[in-house]
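Reader: I have a structure open and would like to go through it with you. Can we start with the overall layout and then look at details?

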Amino acid sequence: MADKEVTAGAWRVSPSTYLQRRPAAFAVGAPSSTYVTMRDGVRLALDVYLPEGVQRDARVPAIVVLTPYYRRFKVTAPGAEPAPNIAIYRDMFVPRGYALVVVDARG
């Protein structure tokens with residue numbers, strides 16, 4: 001489903017209305033990285049982005065993104081985006097109070 005206003009009928013609340021109702025109130029904190037172990041012992045790497053000032057054990061709505069691409073890159077150039085594959089989700093939802101969990105999928 002596209003997020004364009006021309007398809008606003010597909011949304012319960014259009015994207016522009018949502019943005020007006022829920023302005024960005026938080027800065028994006030640095031990601032914390034960890035692993036989650038699957039039943040077969042395989043460990044999947046993940047990054048957790050929380051709104052700045054929110055404690056790790058706080059209950060907040062969360063969005064999970066599974067990506068077959070690297071969730072972050074080693075940054076070598078000044079100002080380079082370390083998470084280009086998920087930056088749009090991070091920059092849209094984390095400032096509005098959501099946690100973002102980015103998981104490297106198998107394969």
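Predicted model: local features only at pLDDT ≥ 70, side-chain atom pairs only at ≥ 80, totals over all residues.

Reader: Fine. How many helices and strands are there in the protein?

Author: Two helices and four strands. Read from the N terminus, the order is α-β-β-β-α-β.

Reader: And the box its C-alpha atoms fill?

Author: Roughly 45 × 35 × 30 Å along the principal axes. Of the 107 residues, 27% count as buried.

Reader: What is the strand order in the sheet?

Author: The sheet is open, with the order β1-β2-β4-β3 and mixed pairing. β1 (32–37) and β3 (62–67) are at the edges with a single partner strand each, so one side of each has no neighbour in the sheet. On average, neighbouring strands are turned by 25° against each other, direction ignored.

Reader: Take β1 and β2. Which way do they run, and how many bridges join them?

Author: They run antiparallel, joined by six bridges. One of the facing pairs is serine 32 opposite valine 48 in β2. The two strands form a hairpin with five residues between them. In that turn, glycine 41 has a positive phi of about 95°.

Reader: Then β2 and β4. In what sense do they pair?

Author: Antiparallel, over four bridges, with β2 spanning residues 43–49. Leucine 46 stands opposite valine 103 in β4, and valine 48 has valine 101 as its bridge partner there.

Reader: How many of the residues of β2 are buried?

Author: Six of its seven, which leaves β2 mostly covered.

Reader: Change of topic. Where is arginine 96?

Author: In the loop between α2 (87–93) and β4 (99–104).

Reader: Is arginine 96 buried or exposed?

Author: Buried, and without a salt bridge. The nearest side chain of opposite charge belongs to aspartate 91, 9.0 Å away.

Reader: Which backbone oxygen does its side chain reach, then?

Author: That of methionine 92, at 2.8 Å.

Reader: Which residues does arginine 96 touch, leaving out those up to four places away in sequence?

Author: Tyr18, Leu19, Arg22, Pro23, Ala24, Phe26 and Asp91.

Reader: Last one. Of the contacts between residues at least 6 apart in sequence, what share joins residues at least 24 apart?

Author: That share is 60% for this protein.

Note on methods
Residues numbered from 1 in each chain as written. Heavy atoms only, no water. Buried < 20%, exposed > 50% of the residue type's maximum accessible area, 1.4 Å probe, protein only. Lys, Arg positive; Asp, Glu negative; His and termini not counted. Salt bridge = Lys/Arg side-chain N within 4 Å of Asp/Glu carboxyl O. Polar contact = N/O pair within 3.5 Å; in protein donor to acceptor, adjacent residues only side chain to side chain. Contact = heavy atoms within 4.5 Å. Pairing = 2+ DSSP bridges. Axes fitted to C-alpha atoms, helices over the stretch in contact; angles between N-to-C directions.
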